[in-house]
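I opened the model to look up a helix contact, a sheet and a pocket. My entries follow in the order in which I looked.

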Amino acid sequence: MPLPPYIHEELKEKERYQTVYAKYEGSAAAPTAGLHFTEELLEEVTKKGIQIANVTLHVGIGTFRPVKVEKIEEHDMHSEHYYIKEEDASIINTAKKEGRRVIAVGTTSCRVLESIADEQGFVKEQEGDTKIFIYPGYKFKCIDGLITNFHLPESTLIMLVSAFAGRDYIMRAYEEAVKEKYRFFSFGDAMFIK
């Protein structure tokens with residue numbers, strides 16, 4: 001099982017590094033923001049009337065690669081393969097039409113939705129690869145909120161959350177997380193950004 005470079009021990013319970021809603025093999029890494037969800041939590045969410053749309057995403061190992069260039073525009077983003085079914089696209093589009101929020105669970109899901117969304121934020125059934133690199137200055141089209149982990153500095157992931165919530169706001173959140181000894185990375189704490 002491919003693991004990020006910061007996990008040094010062997011995982012005795014391999015299912016801990018998998019989301020409860022995973023269906024297909026193909027990822028080189030777990031979509032870690034989803035590790036926080038349990039079957040019970042998802043049941044509670046749906047009982048409250050929140051609809052869940054699924055995106056099949058094969059997370060690439062490049063998700064852990066730091067940005068090493070001076071100009072971030074020159075960073076070569078890793079590619080990830082995705083698929084979204086018509087019924088899931090319909091759930092997202094209905095939410096957009098009704099003025100409800102679309103919350104992405106994880107930066108990789110966010111990248112897929114932003115890759116496939118039209119200028120009004122609507123999506124359609126499709127399959128493909130995305131290399132979208134989201135960093136401050138990006139104008140979000142589809143998502144209205146993001147659930148994600150606390151990420152490494154100089155990573156594409158922290159750049160994406162900074163693009164969504166504002167760099168200063170994210171830096172303050174990270175200062176608080178360090179001060180309060182939050183856990184970072186795959187098995188760490190998560191945040192909800194809106």
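Entry 1, helix contact. I looked up which residues join H4 to H5: Ile158, Val161, Ser162 and Ala165 in H4 are in contact with Arg167, Tyr169, Ile170, Met171 and Tyr174 in H5. Contact here means heavy atoms within 4.5 Å. Sorted by class, this contact has seven nonpolar residues, one polar and one charged. I used these classes: Ala, Val, Leu, Ile, Met, Phe, Trp, Tyr, Cys and Pro are nonpolar, Asp, Glu, Lys and Arg are charged, and the others, Gly among them, are polar.

This is a predicted model, in which local features need pLDDT of at least 70, side-chain atom pairs count only at pLDDT 80 or more, and totals for chains, interfaces and linings use all residues. Residues are numbered from 1 along each chain as its sequence is written, and side-chain values use heavy atoms, with hydrogens and water left out.

H4 covers residues 156-165 and H5 covers 167-179; they pack at about 120 degrees with axes 7 Å apart. I therefore noted H4 as oblique to H5. (Under 35 degrees is roughly parallel, over 145 roughly antiparallel, 65 to 115 roughly perpendicular, and the rest oblique. Axes are lines fitted to C-alpha atoms, for helices over the stretch in contact, and angles run from 0 to 180 degrees between N-to-C directions. Helices (H or I, at least four residues) and strands (E, at least two) are DSSP runs, numbered from the N terminus.)

Entry 3, sheet. I found an open sheet of three strands in the order E3-E5-E6, with mixed pairing. Pairing requires at least two DSSP bridges between two strands. E3 (103-105) and E6 (190-193) are the edge strands with a single partner each, so one side of each has no neighbour in the sheet. From one strand to the next, the twist averages 15 degrees. E5 (residues 145-149) runs antiparallel to E6, and four bridges join them. I checked leucine 146: its bridge partner in E6 is isoleucine 193.

H3 (residues 107-116) lies across E3 and E5, at about 130 degrees to E3. H4 lies across E5 and E6, at about 150 degrees to E5.

Which helix supplies the largest share of the lining of the second largest pocket? I found that H4 does, with three residues. Among the lining residues are Ile158, Ser162, Arg167 and Met171. By class, I noted six nonpolar, two polar and two charged residues in this lining.

Note on methods. 1 Å grid on protein atoms, 1.4 Å probe; cavity = no way out; pocket = protein on both sides within 12 Å on 5 of 7 lines; lining within 4 Å.
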